[in-house]
Amino acid sequence: MRWQNAALGCGRVRPSVSCPACCGDGQTDILQGLSSFPAGKITENAKKSLASLKRGNPQLEPTLAIIQAHDDHSIQEVNKNFAKEVGLRVIHICLPEDSSKDEIVNEILRLNEDPNVQGLALDLPESLYSSKVLNAVKPEKDVDGLSTVSLGRLVCGDGYDCLVPPIVCAVMELLEDLGGKTVLLVGAGGAVGAALQCMLQREGAVTVSCQWEAPQLQSKLHHADVVVVGSAKPDDVSVSWIKPGTTVISCSRDLLSGKHNYGQQNNHAAENVVGCLAIAMRMQNMVKNTERWIQSQQYRKWNLRCLKLQPLSPVPSDIEISRAQSPKAVDVLAKEIGLLADEIEIYGQTKAKVRLSLLERLKDQPDGKYVIVAGITPTPLGEGKSTVTVGLVQALTAHLNINSFACLRQPSQGPTFGVKGGAAGGGYAQVIPMEEVRQQVPVPLEEFNLHLTGDIHAITAANNLLAAAIDARVLHENTQSDKALYNRLVPVVNGMRAFSAIQFARLRRLGINKTDPGTLTEEEISKFVRLDIDPSTITWQRVVDTNDRFLRKITVGQANTEKGFVRQAQFDIAVASEIMAILALTTSLQDMKERLGKMVVANDKKGKPLTAEDLGVTGALTVLMKDAIKPTLMQTLEGTPVFVHAGPFANIAHGNSSVLADKIALKLVGEKGFVVTEAGFGADIGMEKFFNIKCRASGLVPSVVVLVATVRALKMHGGGPNVTAGAPLKKEYTEENLQLVADGCCNLQKQIQITQLFGVPVVVALNVFKTDSPAEVDLVCKIAKQSGAFDAVPCTHWSAGGRGAVKLAQAVEKAANQKNSFKYLYSLELPIVEKIRIIAQKVYGAQDIELSPAAQSQVDRYTRQGFGNLPICMAKTHLSLSHQPERKGVPTGFILPISDVRASIGAGFIYPLVGTLLAQFRQPAKKVTLLKALEHHKSVAFSLFQSISMLLHFPDEHHARTAYKAMLL
């Protein structure tokens, strides 16, 4: 008996048909009557399954990558033929046969991270099949099922989550009635051998495994009912050792390559049947993998583990509360809320950027409910909108088991180092971690309030790059000829000139329809190279994220190298940059690039607007901002998710976190979940801009407004004494005074009326302080409900965490189910002045507006330039409904003065300046010593804090704690 005839067995192998994918026409007759469940039928089933998947996912193009490290292309062709038949795309990566394991692993790691590749298979020499190589393949892409993870799942019986190696599937298809039979595995070790043993034992076979060199091999071969060969037979092993009637099957990796050796008169028909089946099974595994990939891309139900809180009384400082809680690792949080591993970029242990690809993955997922937190006109101390936002999501998720996301702005270093503090919430309703301890040295580093993931630094770099480009262009045009400028802009490279894509765009804007740089006339060259910037019209300023008062007015160009080009300029605070507003309003990377290009930086000497696109820096700005566009994932004290992204001020900008953060969060929470975001300052400023600017940009419709009020602020509006940061509160604010509260509720009523202008239900959240009496709290809630609020709820989340905002969460959930008739306040088609008047009269309560000559001139200019259809972003004080900060309550009969009108064309709004408003902020002298304090030991720090607090006379416990937190920086 020859070895190859033993492979055919004695009727043990079921009939089959030939496989044209791997057998030539001359082999057809040989394969008749051979083997197994036919490869053709497996291929047909896989084809049908894939077609069904594609009907539900029309854009689907599943791709199998095969890494090959040998010169035999026959296997490559077979794989391609089978894949084509099934409808799969295959890419072959052909590496040299002498490639090292490290080179193979590097290629595997590259393909692991390729989002366009759903499956990965290996066709390598036997010597390269090591655990290092096999385990480099991501389990979710392992179509050959050879990684340790896949084998572990197979052994544990987890059939759904694992893929059986294709060659093993092929062998099992060829065998039948194995119960009680002895199966000998010869030379089949490693992953394939382990998988074979597992599958054979499940079928009731008695398995014995050995190598060709085993001392009792002859006896084992003689007693075996089935022999499965895993590698080439040595010449000294005789086929006579096998008893007649034994079924012999080869599962060598070289099955189709002709490199095996089973006898002198080799007939590969039987082996080819196994090979065909194995490749068909590989394609079937790939289809299964594609189905799982599709499922992984769909919305996942949250499996969130909330963190427990144990609130103390009295409430410790914010930093002590933050230190007492152990946050979850951010990758754990990301997985809990349904983010995929390739959708996050981790920054340390507790922060991660989230990629925008998620929006494409979940594009068919319905949005959740959209909640905006606004407030009444605040005191200089703030009324706790951020704290309410955090407390509300903690209540929704940790206590009511409703998916929710908080979307907050990133605070600027200016106010953090100034008088206001950060924007992370406070007490038991805050974003963590506030600090990070490294190398056992207790040096606090505020993660939320300082740096975070560097977005503001990216904005600063991009902004100042554009400022530098403006001044450099003016200098070069003033000192060089047209020819010299043309040589700089379109240099000769390798003997040729060529326009860049951005230069082609400029040529089109100029009406020059030429593609060859050598064909431009002298007049066309002059038009092309000269922007003719009018220095007096430059509106683009440099920025820095610090309150540096000495940079408010500067002179640039004093060095001798600037050749006398000197002009007055200034620094604004970084978050006042138009780039920050663009970051907050953009909807995609391409949209951001287009917006950056549209930013108007000056006029030319003919009065036409000049943009960043004209300067040719749009691409560079986009590159600087490519990471900043991704929202940052963090968590609350109770382990619920938070997005921190963008931070435009609400008085000099639109004052809302990013559209992208909201859009991503709305997809992640699911249809019944809630996304809670905050609008800066009072409802008259931040909320009005949220509706008229942000909602227009995003297309999102809000479900509920949460209006935050405090008894303290209402007393101020009722005629109480001035509230000054750093000064103790007067007794009117610490003792019960129902009359002051009742009189001050006029401001609350006005803000409710403003909300009703937009047709969205409003819930009043009364942020309760320990000095508030029950009677005062009840009075505010009663007046709020009588004034049209859907509900009014006292909240104690600052001292109790999410549990203190459960009633607020329940009220918000009910309000979100009410009829919503959301509408914008004005039509964009109205003239600029009319839109300003509508906001002034309907929102602020002004009698009318008055434009200065400069403002009217700017309005006329913007209208001529085609910018009249943009929304309005009023830049005014947040301390009053009017333009006068000292006028509290609800001022009436005033004329709103518009001193200037400016435009952020890239961001997409016109912003009138009401009265005078600085875009830079002052650094309070009394706080400088405090904010420079940096102590390495807590006891020393607290002693310093106690000494300074006696000097500064903090008005209440909350402000003392805020100062202590700032000092610990």
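Colleague: How many cavities of 30 Å³ or more does the count come to?

Modeller: This is a predicted model, in which local features need pLDDT of at least 70 and side-chain atom pairs count only at pLDDT 80 or more, while totals for chains, interfaces and linings use all residues. Residues are numbered from 1 along each chain as its sequence is written, and side-chain values use heavy atoms, with hydrogens and water left out. A cavity is a set of points on a 1 Å grid over the protein atoms alone where a 1.4 Å probe fits but cannot get out; grid points are joined across faces, edges and corners, and a volume is the space filled by probe spheres set on the points. For cavities of 30 Å³ or more, the count is four.

Colleague: Which strand gives the largest share of the lining of the second largest cavity?

Modeller: The second largest cavity has a volume of about 50 Å³. Its lining residues (an atom within 4 Å of a point) are Leu 120, Ala 121, Leu 122, Leu 134, Val 137, Asp 142, Asp 144, Leu 146 and Ser 147. They divide into six nonpolar, one polar and two charged, where Ala, Val, Leu, Ile, Met, Phe, Trp, Tyr, Cys and Pro count as nonpolar, Asp, Glu, Lys and Arg as charged, and the others, Gly among them, as polar. With strands taken as DSSP runs of E of at least two residues, and helices as runs of H or I of at least four, numbered from the N terminus, the largest share, three residues, comes from residues 119-123, strand β3.

Colleague: Is Ile 664 buried or exposed?

Modeller: Ile 664 lies in helix α25, which spans residues 659-669 and has ten of its eleven residues buried. Buried means under 20% relative accessible area, exposed over 50%, and partly exposed in between (1.4 Å probe, protein chains only). Because its relative accessibility is 0%, Ile 664 counts as buried.

Colleague: Which residue's side chain makes a polar contact with the side chain of Trp 212?

Modeller: Trp 212 is placed in the loop between β5 (206-210) and α10 (217-223), and counts as buried because its relative accessibility is 8%. A polar contact is a pair of N or O atoms within 3.5 Å; within protein, one must be able to donate a hydrogen and the other to accept it, and residues adjacent in sequence count only if both atoms are side-chain atoms. A polar atom of the Trp 212 side chain lies 3.3 Å from the backbone oxygen of Ala 232. The side-chain partner, at 3.1 Å, is Ser 231.

Colleague: What is the angle between the planes of Tyr 862 and Phe 867?

Modeller: Rings of Phe, Tyr and Trp (its six-membered ring) pair if their centres lie within 6.5 Å; planes under 30 degrees apart count as stacked, over 60 as edge-to-face and the rest as tilted. The count comes to twelve aromatic pairs. Tyr 862 and Phe 867 form a tilted pair, 6.5 Å centre to centre, with an angle between the planes of 50°.

Colleague: Over which ring does the charged end of Arg 696 sit?

Modeller: A charge sits over a ring if NZ of Lys or CZ of Arg is within 6 Å of the ring centre and within 35 degrees of the ring normal. For Arg 696 the distance to the ring centre is 4.2 Å, and the ring is that of Tyr 824.

Methods: On a 1 Å grid over the protein atoms alone, a cavity is a set of points where a 1.4 Å probe fits but cannot get out, and a pocket is an open set with protein on both sides within 12 Å along at least five of seven lines; lining residues have an atom within 4 Å of a point.
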